[in-house]
Amino acid sequence: MYYVYILFSQKDRKLYIGYTNNLRRRMLEHRNGMSLATSNRRPLELIYYEAYSNQKDAMSREKYYKTGWGRNYVKKVLQNCLKGKK
């Protein structure tokens, strides 16, 4: 399985979007500061993920979420979750 996931940084209040084939391992890497992209943005909270059986589908979804349209979609779908974080 391949996963697209969204993390919320409690430090800078921003989202991080990524994809992986092992969500548990990747979360441990983020939490332990082993990911250069998020090491200075900890603590992080997993707020959303999707599972895909095809790697290209997961990669396409991650790219979409990183566009303006995708970020607007995420903010709309997770509006209640994000509202509670402010």
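Modeller: Partly exposed means a relative accessible area between the buried limit, under 20%, and the exposed limit, over 50%. The model here is predicted.

Biologist: Is tyrosine 73 buried, exposed or partly exposed?

Modeller: Tyrosine 73 sits in helix H3. Its relative accessible area is 33%. That value lies between the two limits, under 20% and over 50%, so tyrosine 73 is partly exposed.

Biologist: Which helix gives the largest share of the nonpolar patch?

Modeller: The patch covers about 440 Å² and is made by Tyr64, Trp69, Tyr73 and Val77. The largest share is 3 residues, and they come from helix H3.

Biologist: Within what arc do the buried residues of H2 fall?

Modeller: In helix H2, residues 55-65, the buried residues are Ala58, Glu62 and Tyr65. They line one face of the helix, because seen down the axis of H2 they fall within an arc of 65°.

Biologist: Which exposed residues does the face of H2 turned away from its buried side carry?

Modeller: The buried residues of H2 pack against strands S1, S2 and S3 and against H3. The face turned away from that buried side carries Lys56 and Lys63.

Biologist: Which residue caps the N-terminal end of H2?

Modeller: The backbone nitrogen of lysine 56 has a side-chain oxygen 2.8 Å away. That oxygen belongs to the cap, asparagine 54.

Biologist: What is omega for the cis peptide bond that joins arginine 42 and proline 43?

Modeller: Proline 43 lies in the loop between helix H1 and S3. The bond joining arginine 42 to proline 43 is cis, with omega about 5°.

Key:
Residues are numbered from 1 along each chain as its sequence is written. This is a predicted model: local features need pLDDT of at least 70, side-chain atom pairs count only at pLDDT 80 or more; totals for chains, interfaces and linings use all residues. Side-chain values use heavy atoms; hydrogens and water are left out. Patches are made of residues with over 30% relative accessible area and no salt bridge: like charges are joined within 9 Å, nonpolar side chains (Val, Leu, Ile, Met, Phe, Trp, Tyr) within 5 Å. Accessible areas come from the Shrake-Rupley method with a 1.4 Å probe; for residues, only the protein chains shown count as cover. A salt bridge is a side-chain nitrogen of Lys or Arg within 4 Å of a carboxyl oxygen of Asp or Glu. Helices (H or I, at least four residues) and strands (E, at least two) are DSSP runs, numbered from the N terminus. Buried means under 20% relative accessible area, exposed over 50%, partly exposed in between (1.4 Å probe, protein chains only). The arc is that of the directions from the helix axis to the C-beta atoms. Contact means heavy atoms within 4.5 Å. A polar contact is a pair of N or O atoms within 3.5 Å; within protein, one must be able to donate a hydrogen and the other to accept it, and residues adjacent in sequence count only if both atoms are side-chain atoms.
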